[in-house]
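Subject: Handover of a structure and findings

Dear colleague,

Please find below the structure that I am handing over to you.

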Amino acid sequence: LSNTDATAELRPRHLSLAIDAVVANPFFGTSVDSTRICAVGHSMGGCAVLALAGGTPWSRAGQPLQTQADRRLRAAVLLAPSTDWFQAPGALANVVVPLLVLTAQHDAVTPTATVSRVLAGLPVSTPLTLREVAGAGHFSFLSPFPPPMRRPDFMPSTDPEGFDREQFHLELPKTILEHLSEAMAVR
């Protein structure tokens, strides 16, 4: 289930386990530089990546959730991240990796104003690039769906009027790669 305290607590651990598995894999591990691990997450995935980067999510009942930062993480990209779990004072005090945060102009799920307010809790030394994607909606960060799946009753396949998801996804990888290249050059 998404948008639950359990999800906010367990997903960062799952991401660390996935990194462990890839690094230890006899086939993939030989191609991985474990000193240059980066993570990208959308919505609740963005929440998980923020916890992996050192953020402490808090439960809806006002208690810190048990998550563990993964010190192998060197940079992160958050796409329309769910930041509600990081509103407690000091929740982002241990986030030090460079962050690229992309929000969507027409996002009612994770509005830019909310994300921006929460990220103000980052240490001033944490490299942060925050950009709002003009015309985009919350689901615009998902890969384009095949035409038979694009329906008004299937929200992940929809975008605000006039937004060109296909064109956006031609540019998005370049934006992410640029951020990660810069982040790795600095560290």
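This is a predicted model: local features need pLDDT of at least 70, side-chain atom pairs count only at pLDDT 80 or more; totals for chains, interfaces and linings use all residues.

Residues are numbered from 1 along each chain as its sequence is written, and side-chain values use heavy atoms, with hydrogens and water left out.

Cysteines. The search of the whole structure found zero disulfides (a disulfide being a pair of cysteine sulfur atoms within 2.5 Å). Cysteine 38 is in no disulfide, and the nearest cysteine sulfur, that of cysteine 47, is 19 Å away. Cysteine 38 is partly exposed, at a relative accessible area of 28%, whereas cysteine 47 is buried, at 0%. Here buried means under 20% relative accessible area, exposed over 50%, and partly exposed in between, with a 1.4 Å probe and protein chains only.

Helix α2. Cysteine 47 is one of the buried residues of α2, which spans residues 44-52 and has nine of its nine residues buried. Helices (H or I, at least four residues) and strands (E, at least two) are DSSP runs, numbered from the N terminus. The cover over the buried residues of α2 includes α1, β1, β2 (73-79) and β3 (99-106), where contact means heavy atoms within 4.5 Å. Glycine 54, which follows α2, has a positive phi near 120 degrees.

Aromatic rings. Four aromatic pairs were found in the whole structure. Rings of Phe, Tyr and Trp (its six-membered ring) pair if their centres lie within 6.5 Å; planes under 30 degrees apart count as stacked, over 60 as edge-to-face and the rest as tilted. Phenylalanine 141 and phenylalanine 168 form an edge-to-face pair, 5.7 Å centre to centre with 75 degrees between the planes. Because phenylalanine 141 lies in the loop between β4 (128-137) and α4 (165-186) and phenylalanine 168 in helix α4, this pair ties together parts that are 27 residues apart in sequence. Both phenylalanine 141 and phenylalanine 168 are buried, and ring pairs link Phe141, Phe163 and Phe168 into a cluster.

Surface patch. Phenylalanine 28, in the loop between α1 (5-24) and β1 (37-42), is partly exposed at 49% relative accessibility. Val22, Phe27 and Phe28 form a nonpolar patch on the surface, with about 330 Å² of accessible area together. Patches are made of residues with over 30% relative accessible area and no salt bridge, with like charges joined within 9 Å and nonpolar side chains (Val, Leu, Ile, Met, Phe, Trp, Tyr) within 5 Å. Accessible areas come from the Shrake-Rupley method with a 1.4 Å probe, and for residues only the protein chains shown count as cover. A salt bridge is a side-chain nitrogen of Lys or Arg within 4 Å of a carboxyl oxygen of Asp or Glu.

Yours sincerely
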